[in-house]
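Me: I have a structure open and would like to go through some of its side chains. Can we take it bit by bit?

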Amino acid sequence: MSETLAESTSPEVEAAADTDQPSPRARFVRWREAHPTAVRNVRWALNLLAALLVLGALLLPNKVAYLHPRAFIRLPAEAIIGAAVMLALPRRPRLAVAVVSGVGLGVMTILNLLDMGFNDYLGRPFNPVLDWELLNDAQSYVADSMGGAVAVAAVIGVVVLVLLVPAVMTLAMVRLSGLLVLDRRAATRGTLLAATVWVTCSALGLQVLGIPLASEHTAALAATQAKRMVYTVRDEADFQKVAKVDAFGNTPGAQLVPDLRGKDMIFTFIESYGRSAVEDPGIAPGVDKTLDTSTAALAKAGFHAKSGWLTSATYGGSSWLGHSTTLSGLWIDNQQRYRTVMASDHLSLTKAFKKTGDWDTVGVMPGVQKGWPEQKYYGLDKVYNAFQLGYQGPKFSWSTMPDQYALEAYQRQIHSKKRDKPLMSEIILTSSHQPWAPIPKMVDWNDLGDGSIFKAIQKAGNKASDIIADPTRSKQEYGKSISYSVTSLTQWLERYGNDDTVLVFLGDHQPIARVSGQNASRDVPISIVAKDPKVLAKITSWNWTDGLKPAHNAPVWKMSSFRDRFLTAYGSTPHPSGG
């Protein structure tokens, strides 16, 4: 057969013989006719590659933890049904179905890869309706943590992947559909045999290494994605109704937090300060020592604390969802709900203090580097962002400045100023933001200046690229960052707090799964610290733990319940709105 092919000459080759420069197509045809064995091997290799790509995509899990070889030894029902459909269709409809199914399989592959990333970092799957805008935040995070060049390369890689995967899957489906009809009888017998095996395995529940052999994995994931999108659309309308109902929406200012009149209130969120920091054996020893030391130091300065647990609405990231859930009293676990609340007149805890008319209200947001319209919702008279705190030192990865400096700037520019009213402050601390490299170190408070002192510390610190890919080192450095943030805050309180200072501080969410573990809770510690014993006496019924470290069995509340419990404990009178 090869001799016959070699002796025959195609029209393309004959036409090329009349010219001095054969066309690329003619050269390819000549090579193909001269090397029939190589051509046959290439065809079989392409057929095998197409089959592996399609089967791999049909069996690809959506969690990194499930990404192991035994996940790919199953028999996918979708492949059997697809083969049966292709065999039953004439050429043009078959080609159309192959193209559509190839694009669909490519899209599902991309969604599964996004699910892997979101599950690993945020403890939840990707939401195809809401989460596209978070990809921009991810790009900014990579740029801050790993550098602009890495961020650009990552963006290019994602774009290429998004374009390439559906294209490659489509080509693979078209090739396989054509391969099936080369011998319809053999393909039909093979499809019927595969269907019989699948039904038998499904009926008997046969498994290999704990994995069911009969799979309908992609169909189930597609159905889940569809349900997620439908739920998201319905949730928007339902949540708008919920957000209009507010137990304290019509409460006059005079009847809000009367038992805190005259107190300087500080609400502080510590980035990624989660239960794992206090209880994970690989992290807790250093953090617990810091909490114990800080509790003792505060007690020596006349301060006492009570601590409990809140279950955060978010995990691993999206800190603003934790902030808004705590302060609004609503469960805000996605960006759509966040936008709804920010545009509403639902009373935030911080705005309650403004509504009384008895407090000046201020926000210290070193992580904010652009316009922040949320200021209105939170009822803050003035917000100090990353560029308004006088910092001239280096960034520490994503964090624009060390927490110790941010707190000292707050003292210098805001807290120390004489005023006619007490102060209510919302402070967001950022030094414990991933990737936890480099981490600032405590310096003498009198030496902070404009922050230039941190240049040497930043330069000598770990590189983000060395930490981010190493789970063990990530755990270690995460614990150090939490200890640093807690130390900064409690030392500030020792140094500048007075008889009328009341500090409420908590975590916004747990760290990513690579640090907290795949089965970690969403709980975060929360503490209330004050010198005035009457302040802590108001929450005796909460049964919180004395000190800064909540006991393992201390009460656990949903984060969304804190606003109403706090307002009630300090004498606020409910006057519902929107009911």
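Reply: Serine 516 has a relative accessibility of 9%, so it counts as buried. Keep in mind that this is a predicted model.

Me: Where does serine 516 lie?

Reply: Serine 516 is in helix α21, which covers residues 513-516.

Me: And which residues does serine 516 touch?

Reply: Leaving out residues up to four places away in sequence, serine 516 touches Ser276, Asp280, Tyr315, Gln510 and Pro511. With tyrosine 315 there is a polar contact between the side chains, at 2.6 Å.

Me: New topic. Which residues of helix α15 are buried?

Reply: In α15, residues 349-356, the buried ones are Leu349, Thr350, Ala352, Phe353 and Thr356. They span an arc of only 155 degrees around the axis, so they are on the same side of α15.

Me: What covers the buried residues of α15?

Reply: The cover includes the strands β5 (264-270), β7 (360-364) and β9 (423-429). It also includes the helices α13 (319-328), α16 (374-378) and α23 (562-569).

Me: What comes just after α15?

Reply: Glycine 357, which has a positive phi of about 80 degrees.

Me: Which salt bridge does lysine 354 make?

Reply: Lysine 354 forms one with aspartate 381, at 2.6 Å from N to O. Lysine 354 is in helix α15 and aspartate 381 is in the loop between α16 and β8 (382-384), so the bridge ties together parts 27 residues apart in sequence.

Me: Are those two buried or partly exposed?

Reply: Lysine 354 is partly exposed, at 36% relative accessible area. Aspartate 381 is partly exposed too, at 40%.

Me: How many salt bridges does the count come to?

Reply: The count comes to 17. One of them joins aspartate 532 and lysine 263, with the closest N and O atoms 2.7 Å apart. Aspartate 532 is in the loop between β11 (523-530) and α22 (533-537), and lysine 263 is in the loop between α10 (217-244) and β5, so this pair ties together parts 269 residues apart in sequence.

Me: Is lysine 263 buried or exposed?

Reply: Lysine 263 has 8% relative accessibility, so it counts as buried. The cut-off for buried is under 20%.

Me: What about arginine 563?

Reply: Arginine 563 forms a salt bridge with aspartate 564, the closest N and O atoms being 2.7 Å apart. Arginine 563 is buried at 2% relative accessibility, while aspartate 564 is partly exposed at 27%.

Me: OK, rings now. How many aromatic pairs are there?

Reply: A search of the whole structure finds 18. Tryptophan 436 is in the loop between β9 and α18 (454-460) and tyrosine 478 in helix α20 (residues 471-496), 42 residues apart.

Me: Buried or exposed, those two?

Reply: Tryptophan 436 is buried, with 2% relative accessible area. Tyrosine 478 is buried as well, at 0%.

Me: Which residues do ring pairs link into a cluster?

Reply: The cluster consists of Phe267, Phe353, Trp359, Trp542, Trp544, Trp557, Phe562, Phe566 and Tyr570. Arginine 565 lies over the face of tryptophan 557, 3.9 Å from the ring centre.

Me: Last one: where does the charged end of lysine 382 sit?

Reply: Over the ring of tyrosine 384, 5.2 Å from its centre.

Technical notes:
Residues numbered from 1 in each chain as written. Predicted model: local features only at pLDDT ≥ 70, side-chain atom pairs only at ≥ 80, totals over all residues. Heavy atoms only, no water. Buried < 20%, exposed > 50% of the residue type's maximum accessible area, 1.4 Å probe, protein only. Helix = DSSP H or I, 4+ residues; strand = E, 2+ residues; numbered from the N terminus. Arc of directions from axis to C-beta. Contact = heavy atoms within 4.5 Å. Phe/Tyr/Trp six-rings, centres within 6.5 Å; stacked < 30°, edge-to-face > 60°. Lys NZ or Arg CZ within 6 Å of the ring centre and 35° of its normal. Polar contact = N/O pair within 3.5 Å; in protein donor to acceptor, adjacent residues only side chain to side chain. Salt bridge = Lys/Arg side-chain N within 4 Å of Asp/Glu carboxyl O.
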